[in-house]
Amino acid sequence: MSFDDAYDALTDHDDDSRWAYGTGFADPLAGVPTAAPDGVPPADLAAYCVMLGDDALVMSHRLQQWVTRAPELEDEMALANIGLDLLGQARLLLSRAAEVEGTGNDEDSLAYLRDPAGFRNVRLAERLDEDFAHLIARLLVFATWRLALLDRLTASRDPILAAIGAKGVKEVAYHREYAAGWVVRLGDGTDVSHTRMRAAADAVEPLAGELFAPHELELRLAAAGVAVDPSTLRAEYDSVLREVHRVATLPAPPELQAVAGGSGRDGIHGPELTAILTEMQELPRAVPGGVW
Amino acid sequence: MTATAAEVVEAVADPELPVLTLGELGIVRDVRAGEDGVVVTITPTYSGCPAMEAMRDDIVRALAEAGFGPARVRTVLAPAWTTDWISETGRAKLAAAGIAPPGAAPRRGAGPVPLMLGVRAASVACPRCGHAESEQLAAFSATACRELRRCPACREPFEHVKEI
C-alpha cells in the first residue's frame, strides 16, 4: 500500500524560483493512481478530503498566530511545529482533493482562492482564542478528536487517505500530549491557573458537539469504507478528556452542545474564518501566481 | 551501476541534521537506474517536513556530479517513516553530535493510541556525560522531530530525537 509521488506536485523543481506562498504545482501527479476507489464518486472523495484538509489548514493558521504571543519561547516553537505538521497534512489532503476532482484546481487555489462559504472546516478550528488556556483547551479537543479520526482512517479503502492517516497519527499523538500536559499543568497549578483553565474548558469543550455530528457525506463515504463516521469517535474522546480532567483536578468535562447556526461542514462559518482568510489569502489574491 | 547510484544517494547529507546522511536517516526507499536516468524514491519524516525540496535538489545534484545524468525523485507516504529506520551508524553520529538518539518507537496493540501524560517507556540518557536520566524542558525543539531535555548531572541541555 503505497502511492507514487505524493509530493511531486507539491514542489517547484523545474526552475530555481522560490515560491512566495504555496507551491507551483507545475507537474501533474505522474504515475499516481488518481482514480477514486471503485464505487466512490470522485466528487464525494474530493469533498471529504477538503473537509479534513480545511480542518488542518485553518487550525494551523490559528496556531501560527500564537507565534510571538505564547508565554514562553519553548511554547512558540511547539505551537509552530504543531502548526507545521497540520499544514503538511492539509497540503496532502487538498492536493488529493484537487487531483480526484480533476477540474483544474490545485492545493494553492483551494487554500487561497476559495471564499469562506467554500471552506468545510469544523467551526472549532476557526475559533479565536481568548487566552492561552482557551488555546490549550481547544487544542486538546481538536487533537484528541483528530487523532481518533486519523487512526481509523488508516483502514480507509482509499490508499492515499490511509497513508495520510498513518503518518498523521504519529504526529497528532504528540500534539495531544502537548495540550494534555498543559491542561494538567494549569489545572493542577495555582488557584489562578486552575480557575482560568476551568473557565476555558467550560467555554470550549461543549463546542465539540459539532465534531461528532456526522455530515451526510461522511456517513455515505463511511458506508463505502472510505471515510470515518465521526460519531464513532465519541467513546475514545470522552475517555481521554475524562482522564485529562481527572489528573488536572478539574471537574468532569461539560456536556457537549449541538453547534448553533449550522455546521462548518456545510460551509456555515463565523466572522472568525473571514478574518483568517483575509490574512492568509491577501498576498495570493493581490499577486496571483507570484514567486520570488 | 545501481548500487553505486544508491551509494551516492545514501551519502547525501540531511539538510536539517547534517551529521546524518539520508541513508542513515532511513528515508531512502529505492534507487533504480532506468533508461531515462536514475529514479530515487524517498519518504518524508513528517507530513510537513520543509526539507523535502532541499533533499530532492541535493539528490539530483549529487547524482549529476557523480556522472549519473538526469535523476528523478519520487516520494511515497506509505509505509510511514519511523525513527526505527535510523541506522546504528546514524545513532552513533547523533550521540557524538550531542543529540540523544531515539529509543525504540512505541509499539501499539489494538485499540486507541494511549495517553501518556509525560510517562516515558524508557529514560533518555545524557549524550554528553552518559548520565542515565534526564528531564524534558520542551516537547518540541528546532524541528518537529526533536525535543529539548536537560541532564541533572552535568546540567547541560541537549536535544533528543523523539520516537515516532
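Helices here are DSSP runs of H or I with at least four residues, and strands are runs of E with at least two, numbered from the N terminus. The model is predicted.

**Exercise 1. Compare the make-up of the two chains.**

Task: State how many helices and strands chain B has, and in what order they come. Then do likewise for chain A.

Solution. 
1. Chain B holds four helices and seven strands.
2. Along the sequence these elements of chain B are arranged as α-α-β-β-α-β-α-β-β-β-β.
3. Chain A has eleven helices and zero strands, so its pattern is α-α-α-α-α-α-α-α-α-α-α under the run definition above.
4. For burial, chain A has 292 residues, of which 51% are buried; chain B has 164 residues, of which 42% are buried.
5. Among contacts with a separation of 6 or more, residues 24 or more positions apart supply 73% in chain A and 53% in chain B.
6. The C-alpha trace of chain B spans about 55 × 40 × 25 Å along its principal axes.

**Exercise 2. Work through the unit built around helix 3 of chain B.**

Task: Find what kind of unit strand 2, helix 3 and strand 3 of chain B make. Then decide which residues of helix 3 of chain B are buried and where they lie around the axis.

Solution. 
1. Strand 2, helix 3 and strand 3 of chain B form a right-handed β-α-β unit.
2. The two strands, strand 2 (residues 37-42) and strand 3 of chain B, run parallel and are joined by five bridges. In this pairing Val38(B) is opposite Ala71(B) of strand 3.
3. Strand 3 (residues 71-75) of chain B is mostly covered, with five of its five residues buried.
4. In a regular strand the side chains alternate between the two faces of the sheet.
5. In strand 3 of chain B, Ala71(B), Val73(B) and Thr75(B) point one way, while Arg72(B) and Arg74(B) point the other way, and all are buried.
6. Helix 3 (residues 52-65) of chain B has 14 residues, which should span 20 Å at 1.5 Å a residue; its end C-alpha atoms are 20 Å apart, so the two values agree.
7. Buried in helix 3 of chain B are Met52(B), Met55(B), Arg56(B), Ile59(B), Val60(B), Ala62(B) and Leu63(B). Because these residues cover an arc of only 165° around the axis, they lie on the same side of helix 3 of chain B.
8. Arg61(B) and Glu65(B), on the other side of helix 3 of chain B, are exposed.
9. Just after helix 3 of chain B comes Gly67(B), with a positive phi of about 85°.

**Exercise 3. Trace the four-stranded sheet of chain B.**

Task: Give the strand order of the open sheet of four strands in chain B, and say which strands stand at the edges.

Solution. 
1. The order in this open sheet of chain B is 4-7-6-5, with mixed pairing.
2. Strand 4 (99-100) and strand 5 (135-138) of chain B are at the edges; each has a single partner strand, so one side of each lacks a neighbour in the sheet.
3. Strand 6 (residues 146-150) and strand 7 (residues 157-161) of chain B pair in the antiparallel sense over five bridges.
4. Arg149(B) has Phe158(B), in strand 7 of chain B, as its bridge partner.

**Exercise 4. Describe the side of chain A that touches chain B.**

Task: How many residues does each chain give to the contact, and which helix of chain A gives the largest share of its side?

Solution. 
1. The contact takes 42 residues from chain A and 28 residues from chain B.
2. On the chain A side, the elements giving two or more residues are helix 2 (73-101), helix 5 (132-153), helix 6 (159-187) and helix 9 (234-247).
3. Helix 6 of chain A gives the largest share, 15 residues.
4. By class, this side of chain A has 22 nonpolar, eight polar and twelve charged residues.
5. Helix 5 of chain A, one of the contributors, has 22 residues and reaches 30 Å from first to last C-alpha, close to the 32 Å expected at 1.5 Å a residue.
6. Of the 22 residues of helix 5 of chain A, 21 are buried.

**Exercise 5. Classify Thr103(A).**

Task: Is Thr103(A) buried or exposed?

Solution. 
1. Thr103(A) is in the loop between helix 2 and helix 3 (107-112) of chain A.
2. Thr103(A) has 10 other C-beta atoms within 10 Å, so Thr103(A) is exposed.
3. The C-alpha atoms of Thr103(A) and Leu219(A) are separated by 25 Å, and the two residues are 116 residues apart along the chain.

Conventions:
Residues are numbered from 1 along each chain as its sequence is written. Chains are lettered from A and ligands numbered from 1 in the order in which they are written. This is a predicted model: local features need pLDDT of at least 70, side-chain atom pairs count only at pLDDT 80 or more; totals for chains, interfaces and linings use all residues. Two residues are in contact if their C-beta atoms, placed from the backbone, lie within 7 Å. Ala, Val, Leu, Ile, Met, Phe, Trp, Tyr, Cys and Pro count as nonpolar, Asp, Glu, Lys and Arg as charged, and the others, Gly among them, as polar. A residue is buried if 20 or more other C-beta atoms lie within 10 Å of its own, exposed if 12 or fewer, and partly exposed in between; C-beta atoms are placed from the backbone. The expected span of a helix is 1.5 Å times one less than its number of residues. The arc is that of the directions from the helix axis to the C-beta atoms. Two strands pair if DSSP finds at least two bridges between them. A crossover is right-handed if, with the strands pointing away from the viewer, the path from the first strand over the helix to the second runs clockwise.
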